[in-house]
Amino acid sequence: MQTELYFDPTLLGKYNTSGPRYTSYPTALEFHDQFTAIDLASAIENSKNNSLSLYVHIPFCHSLCYYCGCNKVVTRQRDKADIYLDYLVKELKAKASLFKKYHVKQLHLGGGTPSFLTKNQLSFLVYHLKKAFSFLTDIEMSIEIDPREIDLDLIDHLYELGFNRLSIGVQDVDGKVQEAINRTQSTDFIASIITRAKQLGFRSVNVDLIYGLPHQSTETFSKTIDKVYEMNVDRISLFSYAHLPSRFAAQRKLRDEWLPNAQEKFALMKLAIERLCQYGYEFIGMDHFAKPDDELAIAQRKGTLHRNFQGYTTQGNSDLLGLGVSSISAIGECYSQNEKELKQYYRAIDVQGQAITKGLTLTQDDIIRGQVIKSLMCNMHIDKAAIENQFSICFDQYFADELATLTCFINDGLLTMSSQYITVDQRARLLIRIIAMSFDAYMKQHVNQQRFSRVI
Ligand code: SF4
């Protein structure tokens, strides 16, 4: 793959606007508080799926990373997690009774910091999940790891519990960058975690990297990329740092003059993409990289890549049940979200036995557009005939207005359109969500797109 195709500075400059990352369509901004547990129960009943992905949110972190925009609770008191786990178990038991026809194919622990939990707490959680739900024997079990404040034998413990995938928050290995973002961690220890995971038989190790952080330069960031390559990781998620200090108080600690300017940030992104592709990783979607033999790369080649609230995934044909504070579910034809604040989450579980605060039942139009947007985000093309067959519509008529808005992309050589396909050129890979926005019926209501991050 010729990576220079991705970086036409004129096109990237022209289309580098803000847009949703489309981990769902409609996006979470459209969820409303009229949605209730009764709506969810009816979605479960009507869902044609009988396989399930579980997402469990662990909100606690030991310390605050200054770039963070996640929903988390920073505390040193590990016993807070005992209280949380008791509530989580109440919630999962109540929900499991609704999911008796399902088999669990995938479990992901995210946060916050799931590795905030002690070994005993992790065992307790997995025990109750396995007891309440029917787990398939070849289940994918993954967990996000903060490489600070853990011992190496936690990896052994996770393996014994059945985990077979790890995701590690690395971000950058440079000391000055780490100090500025308040996330100092040992690169040698991260390497030991990965080596140990591979010795034990973990099937895939992912690391997260971020470009656009304070003090990053192409020199420092190229060392980060090289280190990650040496560590032999299977997948890399490469995220752009979105500096929104008015929304995230922690980011006010990051002084503007420390941050790379737009040109420098572009150079960081370009360096990372070029280097990772040189090292043999395949570019997945708009921000992931995977070794050619990793399931994510295989799925992209086969056209079976999917996208959900955790990003790109191979598990598209499962319903997704989110458990814990702020977690999101996608069941049949609805989305729902739990209370975002811990106190409200506890109160809701105490009073109602569940903590749904908002959601959305999809209309037929949402479903059709969601399928089109997912196809763009995952496959970089739309098979118009397949959409027509699936939904009994005439694509060109149904999307007449949207097709008219694609003219600028066609004129810039970013798209080609035939009677059967809309195909996105590799030069638009980084702009894919901007193209997808053309099919988003809610976008007109979001004139102020500051609620979304920029492409670069
Ligand atoms: S980046 Fe991760 S570990 Fe750091 S504060 Fe945010 S959620 Fe916690």
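A: Strand β18 is joined by three bridges to strand β19 (residues 421-424), and the two run antiparallel. Within β19, threonine 423 is the bridge partner of threonine 416. This is a predicted model, in which local features need pLDDT of at least 70, side-chain atom pairs count only at pLDDT 80 or more, and totals for chains, interfaces and linings use all residues. Residues are numbered from 1 along each chain as its sequence is written.

These two strands belong to an open sheet of three strands, ordered β17-β19-β18 with antiparallel pairing (strands pair if DSSP finds at least two bridges between them). At the edges stand β17 (381-383) and β18 (415-417), each of which has a single partner strand, so one side of each is left without a neighbour in the sheet. From one strand to the next, the twist averages 10°.

Two helices lie across strands of this sheet. Helix α12 (residues 364-379) lies across β17 and β19 and runs at about 135° to β17, while helix α13 (residues 384-391) also lies across β17 and β19 but runs at about 50° to β17 (angles run from 0 to 180 degrees between N-to-C directions of axes fitted to C-alpha atoms, for helices over the stretch in contact; contact means C-beta atoms, placed from the backbone, within 7 Å).

The C-alpha atoms of the protein fill a box of roughly 60 × 55 × 40 Å along the principal axes.

Note on methods
Helices (H or I, at least four residues) and strands (E, at least two) are DSSP runs, numbered from the N terminus.
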